[in-house]
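What follows is a guided reading of a predicted model, taken element by element. Please keep the sequence and the coordinates at hand while reading.

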Amino acid sequence: MHHGLLGLWFWQKTQCCLSGGESQDQSSCLDPPSYFFGTIHVPYTRVWDFIPENSKKAFQQSHIVYFELDLTDPYTISALTSCQLLPQGENLQDVLPHDIYHRLKRHLEYIKLMMPSWMTPDQRGKGLYADYLFNAIAGNWERKRPVWVMLMVNSLTEVDIKSRGVPVLDLYLAQEAERLKKQTGAVEKVEEQCHPLNGLNFSQVVFALNQTLLQQESLRAGSFQIPYTTEDLIKHYNCGDLSSIIFNHDTSQVPNFINATLPAHERITAQEIDSYFRQELIYKRNERMGRRVKNLLEDYPDKTFFFAFGAGM
């Protein structure tokens, strides 16, 4: 959550804020207290040892655990999958400009070729195979809407592939909550996360996909370096540095297209996309989620809640 928005509201309401790697004095908590915890979308094993014991204790002692979405619910997963698909009978080849489609196809062929060399011995030991993993992530790419293909391409990097097979922190917490037989819930509907991405207009989506491909092609050629990496994100999180600008890049997994090398008209498009995502995926979401959290706290004043939402929002 963006700390100037919902984070501050939580601090005022519950007097108890546990966010990522940092914790606050709980001496003035409401009785019973409720907790707000900032998660990060990386394998939980990369951050778990750095999370303070009082945060883990708060999770253990909470009656009810709430997430953005319920990632353990099969309906959530199938609804997310459906939302990403093109209308019946349409394929990417039909909707994308010819040159972008062929560059995309070429790039995915390169990823498929590289994947076996990216897999770790640990992943192989767990029975994960490159072909299986590629098909799980990108198998149905020709049926996906271009905006979701853009996000998929953005996540098909060596670092991301090496981390597959270990639950990300929010999923791990959801699985733990289930194991401990805690009551769980979600403050968002799948459609609320999915529809804003589908709301970008076609020329913006083509621009975004083209920029993503250009970036990946430059990375392959060795002529471009990502200004921030997953490793940077993990380091800042483990140090409790949630004010870092780096966290603006985590929650929605949406790349930032604004850069000084773009021609003026393209920079305007990039700024429009950035502004749209900021409005839909941060400001409106924070307000909507904050309203629902407030209602839950008021409806169940005798329960201890543990809210686990993305720290980068």
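**An enclosed helix and its surroundings**

In this predicted model, helix α8, spanning residues 146-155, is largely enclosed by the rest of the structure, because eight of its ten residues are buried. The buried residues are P146, V147, W148, V149, M150, L151, M152 and V153. Their cover is provided by several other helices, including α3 (74-83), α4 (92-95), α5 (98-118) and α7 (130-138), together with α11 (190-198) and α12 (202-221).

On the α8 side the contact is made by V147, W148 and L151, and on the α11 side by C194, L197 and N198. Sorted by class, the residues of this contact comprise five that are nonpolar and one that is polar, with no charged residue.

The largest nonpolar core has 42 residues, of which L104, M115, M152, L156 and I161 touch the most other members. Two or more residues are given to this core by each of α5, α7, α8, α11, α12 and α14. If residues up to four places away in sequence are left out, M115 touches A130, L133, F134, I137, L156 and I161. In soluble globular proteins, nonpolar side chains tend to be buried together.

Strand β4 is part of an open sheet of four strands, whose order is β3-β6-β4-β5 and whose pairing is parallel. The edges of the sheet are formed by β3 (35-39) and β5, and because each of them has a single partner strand, one side of each is left without a neighbour in the sheet. When direction is ignored, neighbouring strands of the sheet are turned against each other by 20 degrees on average. Helix α2 (residues 53-61) packs on this sheet, where it touches β3, β4 and β6, and its direction makes about 120 degrees with that of β6.

Within the sheet, β4 is joined to β5 (residues 183-186) by four bridges, the two strands running parallel, and A186 of β5 is the bridge partner of F67. The pairing of β4 with β6 (residues 305-310) is likewise in the parallel sense and extends over four bridges, with F307 of β6 as the bridge partner of Y66.

Helix α14 (residues 264-299) lies across β4 and β6, running at about 170 degrees to β6. Helix α14 also packs with α12, at an angle of about 105 degrees and with the two axes 10 Å apart; α12 and α14 are therefore roughly perpendicular to each other. Their contact is made by Q204, F207, A208 and Q211 of α12 and by E266, T269, A270, E272 and I273 of α14. These contact residues divide by class into four nonpolar, three polar and two charged.

Conventions. Residues are numbered from 1 along each chain as its sequence is written. This is a predicted model: local features need pLDDT of at least 70, side-chain atom pairs count only at pLDDT 80 or more; totals for chains, interfaces and linings use all residues. Side-chain values use heavy atoms; hydrogens and water are left out. Buried means under 20% relative accessible area, exposed over 50%, partly exposed in between (1.4 Å probe, protein chains only). Contact means heavy atoms within 4.5 Å. Two strands pair if DSSP finds at least two bridges between them. Ala, Val, Leu, Ile, Met, Phe, Trp, Tyr, Cys and Pro count as nonpolar, Asp, Glu, Lys and Arg as charged, and the others, Gly among them, as polar. Axes are lines fitted to C-alpha atoms, for helices over the stretch in contact, and angles run from 0 to 180 degrees between N-to-C directions. A nonpolar core is a set of buried Ala, Val, Leu, Ile, Met, Phe, Trp, Tyr and Cys residues joined through side-chain atoms within 4.5 Å. Angles under 35 degrees count as roughly parallel, over 145 as roughly antiparallel, 65 to 115 as roughly perpendicular and the rest as oblique.
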